[in-house]
Amino acid sequence: MMVKPFLSTVILSTAFLLPTQAQDATVTIHANQGKQKIYKEIYGQFAEHLGTCIYGGLWVGKQSPIPNTDGYRNDVLTALKDLKVPVLRWPGGCFADEYHWMDGIGPQEKRPKMQNNNWGGTIEDNSFGTHEFLNLCELLGCEPYISGNVGSGTVQELAKWVEYMTSEGDTPMAKLRRQNGRDKAWHVKFLGVGNESWGCGGNMRPEYYSDLFRRYATYCRNYDGNQLYKVASGASDYDYNWTRTLMKNVGQRMSGISLHYYTVAGWNGSKGSATHFNPDDYYWTLGKCLGIEDVIKKHCAIMDEYDPKKQVGLLVDEWGTWWDEEPGTVKGHLYQQNSMRDAMVAALTLNVFHKHTDRIRMCNIAQIVNVLQSMILTDTKGQGHMVLTPTYYVFKMYKGFQDATYLPVDLHCDSIQAHGDQHATSRKVPMVSTSAAKQADGSIVVSLVNTNLDKEEVVNCTIDGATMKTVTGTILTCKDIKDYNDFDHPSTVKPGLFKDASLKRNSLKVKIPAKSIVLLTLK
């Protein structure tokens, strides 16, 4: 992960930017026009060897007093299973291009240590390696997404790793895997060929990386029916030249290309606090978050020039908020709190992703535990504590979108104008954000977000092409947008039953409180 320096000044005053005569929002859901699937992998997660994401977050070891299953925290396992995590990316991030996989196999006590040069200089003991990660994916029932080392690794090293994980035959690496206790090969579909090769993954030029991808990908073989989906290291947010160069020089030799976009709302050397911010900061953050749609559109337009049939997928495999580290935490470990503002960013971003699944195949929020915009926060004191973040609850509420059919939506609502960085000096922040999808049983899920800090929003919704009989709902809201959950107050922000939606045939009226996220199910 890498963030470019932010130099602009925020110019937002809610006093004069909020609409003077608020009008009801109107939504039309075209229930009979759905064509594209919302790939469940859009709800993917990301676990890097960074801070306490792995050690103390996912993994405590078999001898830990913290209740665990083969070293994995039971509380975290249960929470993640409830999210139905579809795919998990590992081991990085920047860490991936310094990670040598053979250091992380064999008896744990004999594995060599290394210094994590990217994240605080922490000593990595490699007790969590290939077996531990892939077995975790099996426990969670999710697809593994392996990030391969191109920056400091070799073609042979990556080729042997693929063989080790996926070969069922009488091959050298399959034999080594069996010696280490795993007879049957794992199923590994997603393989990242490097990470952020423009930055921490090697500071490469796109032309040079294009040739490297072609070389490395050639030797990453498909063994015994395991078909690799090979992902090229793509652009950072506004670097459209990187995408163009890879599409021109690599093209359909890659299955997908990545994109990284972080909502970073600070300036003058600071990213800002996760929990101390004012209304101006809040609206600017939402404007920055929504800026991802324009970025996606521009990258997709370039991809369309070279791949009009959309055979190469776009994977937003790092996204989310990035704030200053919490005071008193280890520098370089990127531990941050997670407020209701972060939940709003998650909901708005997921609503954007749903609209572009003709090209987007996967997204991975950064990161799953204890780092950046995480689902879960933990500690290792005594029996261990765990708290679920507001972002976790957004992912839980939105589970019904996984593999559902996206339904086109027309939305008309008030907005405010948020001024931001040099790439989008004026962004509209709608007072309402929405998305809709049809599930396999014919029911319709609808998300509605009221971004207004102060006022209720009334939404009049028409379901075009279907007649629904019942509506049920869940709401995530708070008293203060800065509210968050911690170990002493784990339930400050949590979902509740939503009853303020009335349905008559194909008309739905919803009253959404200020700063709220509502998920409705229509049957």
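**Exercises on aromatic rings**

Arg-341 lies over the face of Phe-277, 3.6 Å from the ring centre. The model is predicted.

**Exercise 1.** Find the other ring face that Arg-341 lies over, and give its distance from the ring centre.

Solution. Start from Arg-341 and look at Trp-323. Arg-341 lies over the face of Trp-323. The distance from the ring centre is 3.7 Å. The cut-off for a charge over a ring is within 6 Å of the ring centre.

**Exercise 2.** Count the aromatic pairs in the whole structure, then classify Tyr-238 and Tyr-261.

Solution. The search of the whole structure gives 22 aromatic pairs. Take Tyr-238 and Tyr-261: their centres are 6.4 Å apart, and the angle between the planes is 75 degrees. Planes over 60 degrees apart count as edge-to-face, so this pair is edge-to-face. Next, place the residues. Tyr-238 sits in the loop between strand 10 (229–236) and helix 7 (240–249), and Tyr-261 in strand 11 (residues 256–263), so the pair ties together parts 23 residues apart in sequence. Both Tyr-238 and Tyr-261 are buried.

**Exercise 3.** Classify the pair Trp-319 and Phe-353, and decide whether each residue is buried or exposed.

Solution. The centres of Trp-319 and Phe-353 are 5.4 Å apart, with 85 degrees between the planes: edge-to-face. Trp-319 belongs to strand 12 (residues 313–321) and Phe-353 to helix 10 (residues 340–355). The pair links distant parts of the chain, 34 residues apart. Buried means under 20% relative accessible area. Trp-319 has 2% relative accessibility, so Trp-319 counts as buried. Phe-353 has a relative accessible area of 0%, so Phe-353 is buried too.

Terms used: Residues are numbered from 1 along each chain as its sequence is written. This is a predicted model: local features need pLDDT of at least 70, side-chain atom pairs count only at pLDDT 80 or more; totals for chains, interfaces and linings use all residues. Side-chain values use heavy atoms; hydrogens and water are left out. Rings of Phe, Tyr and Trp (its six-membered ring) pair if their centres lie within 6.5 Å; planes under 30 degrees apart count as stacked, over 60 as edge-to-face and the rest as tilted. Helices (H or I, at least four residues) and strands (E, at least two) are DSSP runs, numbered from the N terminus. Buried means under 20% relative accessible area, exposed over 50%, partly exposed in between (1.4 Å probe, protein chains only). A charge sits over a ring if NZ of Lys or CZ of Arg is within 6 Å of the ring centre and within 35 degrees of the ring normal.
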